[in-house]
Amino acid sequence: MKDKKLLQKIQLLAEKYSATGQDIYSYLDGLLYADYMGYWNYIKLETLLSIQTPQTDFPDEKIFIIYHQITELYFKLCLIEIEHINKNGRNVLETGEDLGWNKTLTTDIFIEKMTRLNRYLNKMIDSFDIMIEGMDKKEFLKFRMALLPSSGFQSVQFRMLEIRSTDLTNLSKKSSKNSNLREIYEHLYWKSGANELATGEKTYTLKQFEKKYNERLIKLCNKMTTKNIWAKYKELSSKDQQNKSLIKLMREFDLNVNIHWKLAHYKSAIKYLKSKNKIIAATGGTNWQSYLPPRFQKVIFFPDLWSEKEKKEWGKSWIESNIK
Ligand code: HEM
């Protein structure tokens with residue numbers, strides 16, 4: 001063989017396989033027989049397109065399902081970036097190959113991750129029109145009845161995003177220093193959502209969610225006490241904490257999750273579920289009107305990055321100009 005480069009590559013492959021006691025010849029045979037990768041296989045296109053299964057024949061139900069799935073994928077993209085911050089910077093390849101990556105969470109990596117997060121969130125906020133404007137209201141009110149008691153409220157990825165972003169006390173109504181983690185968890189702000197409007201009791205929607213995810217989420221809360229984004233920011237040197245670009249991005253993230261996304265979502269609830277004259281049954285009779293507005297929830301991931309006035313007016317100006 002004349003091609004030196006090719007020989008070197010084969011040599012490297014042989015070393016890789018022999019290091020784990022495997023036979024390179026079998027793998028080379030495998031390469032000979034294997035078919036070329038197709039796009040459809042790589043992204044599992046057929047599986048992806050086969051997981052939209054409406055409960056009714058109303059055509060717009062598919063839009064509802066697909067947009068929820070798109071959002072869950074965006075949540076997943078967000079979680080990938082947040083996990084990097086939680087784990088102190090970028091992951092290192094298992095092979096140990098040196099790609100010039102940094103194992104510590106430098107301000108540059110922090111900034112890169114927060115930029116990506118805001119990029120995803122801006123797309124999610126912008127595209128919420130697909131829900132707000134893009135479905136027939138009459139159809140929605142009918143197919144929604146077939147989906148009860150499920151609700152996007154049961155999105156565990158959204159709760160993971162919150163827990164991975166900030167101290168649990170910033171998500172809880174019980175934040176005294178003497179409270180233990182379970183007490184704080186029991187008073188998380190979202191425990192007062194998906195409550196029955198008539199009685200104030202937890203709905204089946206909330207109870208089922210707790211049954212399925214409580215233990216997993218509590219474990220995550222424990223793990224994130226020192227690893228969430230806010231904790232990682234506070235670990236930076238005081239000079240790095242003053243970095244203007246980073247502060248700007250963190251404030252943007254806080255606004256994006258806790259005001260802009262929440263309000264885009266709230267707008268869709270207003271559009272489909274609010275009626276002047278009659279109570280709309282499609283929510284299953286929950287307290288959503290007093291729960292969903294961000295100015296009532298007042299969730300703030302990074303409180304020290306906001307002035308007292310900004311915290312006091314959390315969620316107000318946007319709501320006045322966007323929801324009549
Ligand atoms: C027409 C579209 C939508 C309507 C009418 C709607 C309605 C609601 C309502 C009423 C709630 C409060 C809980 C309840 O009472 O069930 C809720 C919560 C929630 N929904 Fe939606 N939703 C819509 C679209 C979506 C989409 C596309 C997602 C994406 C996954 C989503 C995710 C969530 C989340 C994460 C919560 C909890 C929010 C919080 O705790 O502040 N929703 N939704």
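This is a short chat about a few local features of a predicted model.

Trainee: How do helix H5 and helix H6 pack, at what angle?
Mentor: This is a predicted model. In it, H5 (residues 61-86) and H6 (residues 107-127) pack at about 170°. Their axes are 9 Å apart.

Trainee: Are they roughly parallel or roughly antiparallel?
Mentor: Roughly antiparallel, because angles over 145 degrees count that way.

Trainee: Which residues of H5 and H6 make the contact?
Mentor: On H5, they include Tyr67, Tyr74, Phe75 and Glu81. On H6, they include Phe110, Met114, Arg116 and Tyr120. By class, the contact has 13 nonpolar, 3 polar and 4 charged residues.

Trainee: Is the crossing left-handed or right-handed?
Mentor: The crossing of H5 and H6 is left-handed.

Trainee: New topic. What donor does the iron atom of the ligand have from the protein?
Mentor: A single one, His265, through NE2. That atom is 2.0 Å away from the iron.

Trainee: Where is His265 found?
Mentor: In helix H14, residues 244-273.

Trainee: What about the peptide bond from Leu148 to Pro149, cis or trans?
Mentor: That bond is cis, with omega near 5°. Pro149 is in the loop between helix H8 and helix H9.

Trainee: Is Lys44 buried or exposed?
Mentor: Exposed, with a relative accessible area of 53%.

Trainee: And what is phi for Lys298?
Mentor: About 50°, again positive, and Lys298 is not a glycine. Lys298 is in the loop between helix H16 and helix H17. At 37% relative accessibility, Lys298 counts as partly exposed.

Conventions
Residues are numbered from 1 along each chain as its sequence is written. This is a predicted model: local features need pLDDT of at least 70, side-chain atom pairs count only at pLDDT 80 or more; totals for chains, interfaces and linings use all residues. Side-chain values use heavy atoms; hydrogens and water are left out. Axes are lines fitted to C-alpha atoms, for helices over the stretch in contact, and angles run from 0 to 180 degrees between N-to-C directions. Helices (H or I, at least four residues) and strands (E, at least two) are DSSP runs, numbered from the N terminus. Angles under 35 degrees count as roughly parallel, over 145 as roughly antiparallel, 65 to 115 as roughly perpendicular and the rest as oblique. A crossing is left-handed if the near helix is turned anticlockwise from the far one by less than a right angle, and right-handed if clockwise. Contact means heavy atoms within 4.5 Å. Ala, Val, Leu, Ile, Met, Phe, Trp, Tyr, Cys and Pro count as nonpolar, Asp, Glu, Lys and Arg as charged, and the others, Gly among them, as polar. Donors are N, O and S atoms within 2.8 Å of the metal (3.2 Å for Na, K and Ca); water is not among the atoms, so sites may look incomplete. Buried means under 20% relative accessible area, exposed over 50%, partly exposed in between (1.4 Å probe, protein chains only).
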